[in-house]
Amino acid sequence: MAAASDIANGPDTSDTDTDTDPDPTARRPGGSDAAEATQLEIFREIQAFHADAAKRRADGTPASSDPELDFPPYRSSVLRHPHRPAVTAPEAFVELAGPVFGDADVSELDADLTHQHIGEPLGERIIVTGRVLDRAGRPVRGQLVEIWQANAAGRYAHRRDRHPAPLDPNFTGAGRCLTDSEGRYRFVTIKPGAYPWRNHRNAWRPAHIHFSFFGTAFTQRLVTQMYFPRDPLFPLDPIYNSITDEDARGRLVAAYDHDRTTAEWALGYNWDVVLDGPAATRLEQDQH
Amino acid sequence: MNPAENTGVPATPGTALQAANGRQATPGQTIGPFFGYALPFAHGGDMAPTGHPDTITIHGAVHDGAGQPVPDALLEFWQAGHDGSLTGNPGSLHRDGHTFTGFGRVPTGPDGHWVLRTLPPAVPAGAPHIAVAVFARGLLHRLFTRIYLPGNARANAADPLLRGLDPARRATLVAHAESDRVFRFDVRLQGDGETVFLEHR
């Protein structure tokens, strides 16, 4: 595994993963041998699932922002979701606090994914920024934000990504930063490409950047994916559509923001994030 | 933040939607298969200061609903220190060998196995435990659970979470002692012996 300090050292070749798992992500061109369903069948499964969810909401079940853990159109979820409902924790001293990060963890260079190598990476340079807030709208300050993504051609610098698209020697695609006093994060990166995967026949993921967030409390821990506006692949993607509420899905889509665009240099996107779960109740948060 | 405050260029629909929704939570998504070059860090599972005499080892495997190991999961751990302090310390991502940060992060290996070396947790009140978050390809949103240690029988018996569970379910949250300082804690995502997962409201 790559050490934290190795982010800038290039594509991961030390990964010890084996290929014993029948992994739907082990992609091959035209890989229709392992995946049975067609895109149309998956699309219809998604539509049926969404229609059921809409009916439940009409019957009074509150809309949820969370993805469905049991979402069969995403084939890998079938054996990896709990059958039993989550138990409400009656008290949470421990989880109402959370890890803290600082200058010992992150260098300023980590937030610019286009300057981790000698040359400029290929692709469309972008700025991705936004604020991290808790449910009450308070900024989450000084907390760790991590991202990872495919390169402009849709290829991850990961040993198990076998998509026959080029690796970019000048792009690893991993970064991190701390939020500022307004809860704002900011990355400079390359717009990732869409890429095929083997969930079903001719399956393609919409372009996305993986994000990891910490709040003031461990209860707020969030790993998610940020998408780009008006992606034509949205209706076809089982992962995006595992969130049955349309408004909630929309909250994963960044906004093109011309005021974040830098002249002669990079396009800007804004994506604000609200962490769910009870926040820390300690007063320190207000003393920073 | 008003995106149009500088140029008057209208915001895209994405921004309008965010504003209209106020403070509604951002949904989670699966961690996917390719986090391995981004999230794990050196000594992520070495929470205990190097050579600390009280160090305990907790290890286990993550299994899916067919009993197969999950080789592409990531586990995170958060706990109080020896003194019950929950303030944490920076420095997890570049361990210095002596600071206890309270945070650990371990990917599962090809056999679904993970290992954590830490200090026994203490809490101000109730039964000591370690908070755990589980992420994996195929798992669309993180799962929370807890590791309790078997040596704290009396505190465990009084713990409001453990007390409310039937014995078989309770057992999924209590690590099994393999020796004085080595404990086993398996995570079963689905089916027989499914781990108790938690929500926090």
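These legends go with close-up views of a predicted model. Local features need pLDDT of at least 70 and side-chain atom pairs count only at pLDDT 80 or more, while totals for chains, interfaces and linings use all residues. Residues are numbered from 1 along each chain as its sequence is written, chains are lettered from A in the order in which they are written, and side-chain values use heavy atoms, leaving out hydrogens and water.

**View 1. The largest pocket holds about 1200 Å³ of space.** A pocket here is an open set of points on a 1 Å grid over the protein atoms alone, where a 1.4 Å probe fits, with protein on both sides within 12 Å along at least five of seven lines; its volume is the space filled by probe spheres set on the points. The lining (residues with an atom within 4 Å of a point) runs to 49 residues, and nearest the centre sit A:Ser64, A:Asp66, A:Pro67, B:His141 and B:Glu199.

**View 2. Helix H1 (39-58) of chain A gives the most to that lining, with three residues.** Helices are DSSP runs of H or I, at least four residues, and strands are runs of E, at least two. Helix H2 (246-250) of chain A and, from chain B, strands E6 (143-148) and E10 (198-199) each supply at least two.

**View 3. The buried side of H1(A) carries A:Gln39, A:Ile42, A:Ile46, A:Phe49, A:His50 and A:Ala53.** Looking down the helix axis, these fall within an arc of 100 degrees (taken from the directions to the C-beta atoms), so they line one face. Buried means under 20% relative accessible area and exposed over 50%, with a 1.4 Å probe and protein chains only. Exposed A:Arg44, A:Lys55 and A:Ala58 are on the face turned away.

**View 4. Just after H1(A), A:Gly60 takes a positive phi of about 110 degrees.**
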